[in-house]
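This report asks for a slow reading of ring pairs and of open space in one protein model. Please keep the sequence and the structure in view while going through it.

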Amino acid sequence: MSKQDRPNIILIITDQQRYETIRALGYEYMDTPNLDRLVNEGVTFSQCHITAPSCAPSRASLFTGTYPHTTGVLKNADPWSKSWVGDLSDSGYYCVNVGKMHTYPYDTKLGFHERYVVENKDRYLEERYFYDEWDKALHARGLVKQQRTLYRKRSDYGERMGAFEWELPEDMHSDMFVANTATWWLDTKPKPDGPLFMEIGFPGPHPPFDPTERFIEKYKGKKLPLPKIKREDIAGQPDPYQKLREHNFEVDHDSVVHLDDPSEEQLQRLWEYYLANVSMIDEKVGEIMDSLERNGYLDNTVVLFTSDHGEALGEHGHIQKWTMYDCVTNVPLIAWCPERFKGGRKVDALCQLMDLGPTILDLAEVEEPEWMEAETLIPALQGESFEGREFVIAEHGRDVFLYTIDFVTMIRTKDWKLVQFLDEPFGQLIDLVSDPAEEVNLWDDPKYAEKKTELIDAIGSFRVRSGYQTRTMWETAR
C-alpha cells in the first residue's frame, strides 16, 4: 500500500460487554441489527480473552501490547500514559479519541491529536470531581447527572441491583452523547491530510444499567438465559471470590447493590436493562457507520468492535467483573472491512484483546517493537492458516474488590482453566470440556494434581519469557 492507501481505522470499545450480546453470534434474544451487520460482513473472533478483569489494566494492556505485570497497571487508578497511538501519529495518522479510554490521569494525551474525554458514568472513588465533556454538556443544559448519590434516595435502591431507567433527555445519556460527539466530529471536521485513527469509547453497558424506556421495551418479558445460582458452585469457589461477593453485598460500587439470593424478577430486570444498554449502543454504531459513509471514509476504513471485559450478571453468584470466569474474560471482537477481508467468518482460535495493537500497527504499516507481547491477527483476517495462542493469560492486583490477595493469574487453554493466587494454597482448576459452565473446582482433587502442576509451571515459564521479552520496553516506549 502507498501511504495514501493506508486505511482509516475506527476502534469502537464498549465497557463491560459480554460475548453473548450480539444476535448474529447466535443469541436470538438480542436486538442488534448494526452489530449483526459487522458480524455478517466481517470477521469475528469467538475466543478473544482480556488480559485483566477490570477497565484500566485491560485497556493499558491493549494500548501497549504487553501484560499488566509489565505495564504496572494492575488495577484502576494505577498511572498509565503511554501507548502505541503515538506511533500511529508519528506515521501520519490523525488520531482522535471520543469517549472512554480510562487512562490515568483521565486526560493524559496518550498520543492523540484530539481527545473528547468521557469517563465512567458513576464516578465516586476515582476522580469523583473530574469534569469531562459529558459533565460539561449536562451542566450547559441545566441537568444533574443520574448518579449514586441520587439513586440512594430511592426507596427501592437496595432491590434494583444497579438497574434504573434513564429519566433525563435521551441525547444526554452517556452512550448517546459519546456517539453523537463522534458523528459530530466526522460530519463537521475537515478530513485530515492523512488517514484517520479514531477510538470511540462507550461508557456502557457498564453499570449503572440505565437504558431509556424505548430500549427496555425491546426486552420486556422476553425469555432470557437467567443464571441458576447454585450453592455448591459458590461453596467451591476460592476464598477471594467468597470475600468479593461479601464485599459487593455491603458496598454499592457503580450504584449496584448486589444480592445473595435475587428473585427471578430481579434477575430478569437486571438482564433486560443490561441488554437494553447494549441495544442503545447498537443503534449508535449504525449512526457512526452512516456518518463514515456520508463523509467519504467508509470505502477505505477498517472498523474494529470490542469490549474491555465482560459482566457476570449474577452468574456464579457474582456481579460486575474481577473474577476469571468466561462471562468476564471472553469479549466480542469483530473486524469489518469487506474490501480487505472476506466477511461472514468466525475464528475460534484463542487470542487476547491486546492482539488488536499489532494488528492495527500492521494495518497502518507501522513496525511494532520487538518487546511487544501481543500477536497480530492479520493472518486470520486474511483467511490464512491461524492456530492462535496455546493459552491466554489474565492478571489483576490487590484493590478494593480483591482486597485479600496481592495478585491473581489466570491461564486458559482450549480445554482447561487455572486461577492462581500469589503465595496462597487455594486456587481454581476447571475442566472446560466436561464443565463448560465452570461450576466444579478441581483444585484439591488429587486426580487432577498433574494437570494443576502442568498449568502452574506454564504460568512460571510464561512469566520468565515475558520478563525477558519486555526487558527494554520502558527504554523505548512512548
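## Basis of the model

This is a predicted model, in which local features need pLDDT of at least 70 and side-chain atom pairs count only at pLDDT 80 or more, while totals for chains, interfaces and linings use all residues. Residues are numbered from 1 along each chain as its sequence is written, and side-chain values use heavy atoms, with hydrogens and water left out.

## Aromatic rings

A search of the whole structure finds 21 aromatic pairs (rings of Phe, Tyr and Trp, the last by its six-membered ring, with centres within 6.5 Å; planes under 30 degrees apart are stacked, over 60 edge-to-face, the rest tilted). The rings of Tyr106 and Phe130 have centres 5.2 Å apart and planes at 85°, so this pair is edge-to-face. Tyr106 counts as buried at 1% relative accessibility, and Phe130 is buried too, with a relative accessible area of 17% (buried means under 20% relative accessible area, exposed over 50%, partly exposed in between, with a 1.4 Å probe and protein chains only).

Elsewhere, Phe63, Trp80, Trp84, Phe112 and Phe197 form one aromatic cluster.

## Charges over rings

The charged end of Lys452 sits over the ring of Trp443, 4.4 Å from its centre, and Arg471 lies over the face of Tyr468, at 4.0 Å from the ring centre (NZ of Lys or CZ of Arg must be within 6 Å of the ring centre and within 35 degrees of the ring normal).
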